[in-house]
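Biologist: I'd like to learn how to read the sheets in a model like this one. Can you walk me through it?

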Amino acid sequence: MDPFTLTLFLTMGFLLLYHFLWQPMNYFKERGIKYESPVPILGNMASVVLRRTSMAEHFQRLYQRFSDVKYFGLFNFTNPVIVIRDPDLIASITVKNFDHFCNRRGFDIGDLDPLIGKNLSALRDDEWREMRRLLSPSFTSMKMKIMYHLIRDCADDFSDFIANQSKHGKVFDIKDIFGRYTTDVIATCSFGISIDSMRNPNNEFYVLARDTMSSQSSLSWKLMLGMCCPALCRTFGIRIFSEKVHRYFLNVVRETVKMREEQGITRPDMIQLMMDTKDKERSLTIEEMTNQAFVFFLAGYDTSSTFLSFLMHEIATHPEVKAKLMEEIEEVVRKTNGNPTYDALKNMPYMDAVMNETLRLDSIATSLDRVCVKEFQLEPASSGAEPVTLKPGDVVWFLPFSLQRDSKYVKNPTKFDPDRFLGKDAPPPSVNIPFGIGPRFCIGNRFALLESKILMFYLLWRCDVEPCEKTQIPMKFSKHNIALTAENGFWLKFRARDKVCLQEANGKLEN
């Protein structure tokens, strides 16, 4: 290669590196926003990538370092992100000025991997508005009441199995067993399939779910890659979920819809609700139904089972909380004559408080994002600073885990205290955001809370739970997974209660 050509190539290479790697590093400096000096390519994520700390604790350290400002800068690899700390500003962005921030970053790989790229969470602009409008009627309180019996049957069967296995006490990996329960719930409520993953762990649906999610660490990083570097994924054909997974769920939905239409079958599940979603414009296609059902499978299998694990861990390690909770459960049993109804479980304030406190203290959502779609002026980050103008494409983050543990807004923030949600110490709505905030608030929050509440009721009714030798006290968070989870797993000991007798609606008695 002649000297001129070599010089030209080197110059072009340098300009490309500067444009894509170094030039963005001036983003915060040019805008007068406080930030921590980044590492090339890794940005401010080096300690997470190198597994020196969990993502939640890493973000909390940065959150606390910049406690004197309303927002600060963070480099998510080479992508600049403005992290909003101030609850009023969070509410302004997500609610009052939602039209400026209606999108999430999502996964711009829809055609390559539609299961993750074309579900409700990833859709943008009018596509998101239309899908949200079509799906919202499926998640009303009335629709949850219709699904109650499907979920109750899963919780009943699951807790009966655990009780029978625990007559003399038994230690369980509760993340594993709760993953089986949530798989059963999602299978029956989202896809119209009745399975029992505790007694039949080799059923096709559970095996696919387990294999799809078997390496949570690998999946977490693939999700991050898909969000941060979609162009790279498209170039090299990197999928988060395989074509086999896509084909399986597509066939399940297609066959279910076909059978119901041909045989006139109706069932109170999500597939039926989406089939019934018709208006003057259009109804959902099989592909769209599959994409939406899959995201609920994804959230249900992993996120809900993780929440249940944290919830049971907190109950088991706080005997005074467990005792009060059992009083409320036994009161419901007495009032309903051993046949708990939807309305009876709905009216359990202490159970609600325990669940809300777990969501606050152990928020699985370590970060939430919004993308600016119209120019917007952020108020100054501190006294004496200048306002910052955001342009379309700029990204802002909120940190629920950090915000909900901020002593400025929560009294004794690291203490597990459900009573705070029964009095005046509950954190304000713009601080307590485990399911998000504003119009993009998690559409499935009612469903997640309902399936968790029913299981806690039946399981604690039938079994006592306590720490074992493997239980981590205090809890340590995993450094190998970007999602919040326990370092060495969730382990607890269950023991069947001696005098538990459930009378079902059909009059059958079980011990």
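Modeller: Start with pairing: two strands pair if DSSP finds at least two bridges between them. Helices (H or I, at least four residues) and strands (E, at least two) are DSSP runs, numbered from the N terminus. This is a predicted model, where local features need pLDDT of at least 70 and side-chain atom pairs count only at pLDDT 80 or more, while totals for chains, interfaces and linings use all residues. Residues are numbered from 1 along each chain as its sequence is written, and side-chain values use heavy atoms, leaving out hydrogens and water.

Biologist: Which residue in E9 is the bridge partner of Lys 170?

Modeller: That's Phe 494. Four bridges join E3 to strand E9 (residues 491–496), and the two run antiparallel.

Biologist: What is the strand order in that open sheet?

Modeller: E3-E9-E8, with antiparallel pairing. Strand E3 (170–173) and strand E8 (463–467) each have a single partner strand, so one side of each is left without a neighbour in the sheet.

Biologist: And how do I read helices against it?

Modeller: Look for contact, meaning heavy atoms within 4.5 Å, then the angle. Axes are lines fitted to C-alpha atoms, for helices over the stretch in contact, and angles run from 0 to 180 degrees between N-to-C directions. Helix H9 (residues 174–190) packs on the sheet, touching E3 and E9, at about 70 degrees to E3. Helix H20 (residues 445–462) touches E8 and E9, and its direction makes about 90 degrees with that of E8.

Biologist: Which strands make up the four-stranded open sheet?

Modeller: In order, E1-E2-E7-E4, with mixed pairing. Strand E1 (71–76) and strand E4 (368–371) are its edges.
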